Amino acid sequence: MTLRRAVLVLALLLACSGCAAATAQAPTATETVPNATLVEAYPNPVADGDPGEFVAVRFREPTNATGWTITDGNTVAHLPNRTVEGTVAFSTAPEEARRHTDRRVAGLDGRLLLADGGDELELRRNGEAVHVARYRNAPESRVREFDAGEWRPVGATDLEPVHTGSGEATAFVLPDADGRTAQTLARADHRLLLAGYTLTSEDVTDALLAARRNGADVRVLLDGSPVGGVTERQARLLDRLADGGVEVRLLDGPHTRYRHHHPKYAVVDDRALVLTENFKPAGTGGMSSRGWGVALRDAAAADALADLHAADREWRAATPWTSYRAGRDFADADPALGNFESRHAARNVSYDAATVLVAPDNAEDALVADLDGADDRILVQQVEIGSRDGRLLRAVLRAADRGVTVRIHLSDGWYVEADNAALAEWLNRRAGAEGWDLEARVDDAAETSVGYEKVHTKGVVVDDAVVLGSLNWANSAGEENREVLVRLDGGSAADYYAGVFESDWATGDAEEESLPAGLLGGVAVAVCGILLVARKVTFVGRDGVVTDWQW
């Protein structure tokens, strides 16, 4: 290479290096990955005047914020004159903002008014745009996550699934094991933490009070706005608990993070109790509903649930019962009064691994992954499936398309019967057209002797694993409610619940013929249609009215 060419090459390299350095020092809005990005905004606090609004910015490297501003096009606020790094929430009222976020908070100099109806925010450095983000129609007490394009409640947790090792558990179903829940609670020596949607069971109340008299730390956390309202019966029982020294709180008011506090679990010393049923006569009292439950002798699972209980109990929406009940009227409702024989005894089962799942943090994603990994069988027993386009049902249909055997057993409760019948008809028709080994059925407890009044289960068996808990497959339940589930992998646990499922499923065979699996072509579609017409006749309503119907 000649000296002249070498000089030219060196000059080009130096020029390119200078360009790269200039780009790193002065990022623009056209960069693929700018040094700083707007990550979230809190436009609509609960309090009048919106004190505590903030905008969070993520800095990929230490950055001198001198000369940086945030603007909504009408007002402008200056970032502090110091070096910042990581994600920082900036606010013109930093003391108020700290009440709404766990992020580091820094003050802004100037004015920044985030419009509730929507805004375009621009992050600038020395007047040049670095990043732009937009939102519309800000709901009260919600944070806009710009990357996800979603609103999340202020203070919402972001928990990962908690995995534990192998162990032993007691598996049971309701209404068969009607005394199992109260018996498990009564064993508490040190701590008894109960989290539920409603509590109207005398037996559960007695067990909580007995544990408190024995010296256990007993705390109860319930939903403050259940469908139909808090009943007079529940109010009377919560009065008993409060008078007996039990801490009772209800999640209520403008600062609630989730639409409903809907889990059904308890921590009993180092044991974890997870249910699909409410703490009421229809559920744990064994007077109405088919449900699943499990008591794990698993300290790690118990600790995970204890941490969750504390996180929800200590949030500012958790209102002490004595404050909640002041000046309130309560709904008049009668408990279920059914009586059913025990057909399925509780059983000690083993598992190779357990996982505690929580919604809206991680449960739905984990369940979709389980369904997408199914190889052999999926057995779904649910109150309802809210939409043909729901994530969980789509995952089930993908499994059926891979050749997995799928059975879907839905409730005939009066509040879901018509929708479930229409969905079952559509699923069976599609299975016939696609040649899938998939069958869907609405339970018919009113016409067959099945040992329960209605299906209220929220569970699924996937190959050699079982997942059970409070999560309905209804629209948005996994995204908007606090829910708790447990997954048990391997061992004998899944086979226990699969056996109960198959028994419940088989009771309908005397009334109707099942659709043959794998039918193909026009003849199959025609046969399927005929059977579905007959099925629809079978599903016409039930006599009487179920009064104890909350999910």
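## Ground rules

Residue numbers start from 1 along each chain as its sequence is written, and side-chain values use heavy atoms, with hydrogens and water left out. As this is a predicted model, local features need pLDDT of at least 70 and side-chain atom pairs count only at pLDDT 80 or more, while totals for chains, interfaces and linings use all residues.

Helices (H or I, at least four residues) and strands (E, at least two) are DSSP runs, numbered from the N terminus. Buried is under 20% relative accessible area, exposed is over 50%, and partly exposed is in between (1.4 Å probe, protein chains only).

## Salt bridges across the chain

The structure holds 36 salt bridges, each being a side-chain nitrogen of Lys or Arg within 4 Å of a carboxyl oxygen of Asp or Glu. One of them pairs E40 with R152, with the closest N and O atoms 2.9 Å apart. E40 sits in strand β1 and R152 in strand β11 (residues 150-153), so this pair ties together parts 112 residues apart in sequence. E40 is buried at 2% relative accessibility, whereas R152 is partly exposed at 21%.

R236 and E202 also meet through their side chains, at 2.8 Å from N to O.

R328 is in the loop between α7 and β21, and D252 is in the loop between β16 (247-251) and β17 (265-268), so the bridge ties together parts that are 76 residues apart in sequence. R328 is partly exposed at 35%, and D252 counts as buried at 18%. For a salt-bridge network, look at D217, R219, E247, R249, R313 and E314, which are linked together.

Most residues other than glycine have a negative phi, and most peptide bonds are trans. Two peptide bonds here are worth a look. The one from L174 to P175 is cis, with omega near 10°, and P175 is in the loop between β13 (167-174) and α3 (180-185). A359 and P360 are also joined by a cis bond, with omega about 5°; P360 falls in the loop between β22 (353-359) and α8 (363-372).

On the phi side, N126 comes in at a positive value near 55°. N126 is in the loop between β8 (118-125) and β9 (128-136), and is exposed at 55% relative accessibility. S141 has a positive phi of about 60° too. S141 belongs to the loop between β9 and β10 (142-145), and is buried, with a relative accessible area of 4%.

## Covered spots

Helix α8 is mostly covered, with 7 of its 10 residues buried. Those buried residues include A363, E364 and D370.

N44 is another buried residue, at 11% relative accessible area, in the loop between β1 (36-42) and β2 (54-64). A polar atom of the N44 side chain lies 3.1 Å from the backbone oxygen of A138.

## Out in the open

D332 is exposed, with a relative accessible area of 65%, and lies in the loop between α7 (321-325) and β21 (347-351).

Notes:
A polar contact is a pair of N or O atoms within 3.5 Å; within protein, one must be able to donate a hydrogen and the other to accept it, and residues adjacent in sequence count only if both atoms are side-chain atoms.
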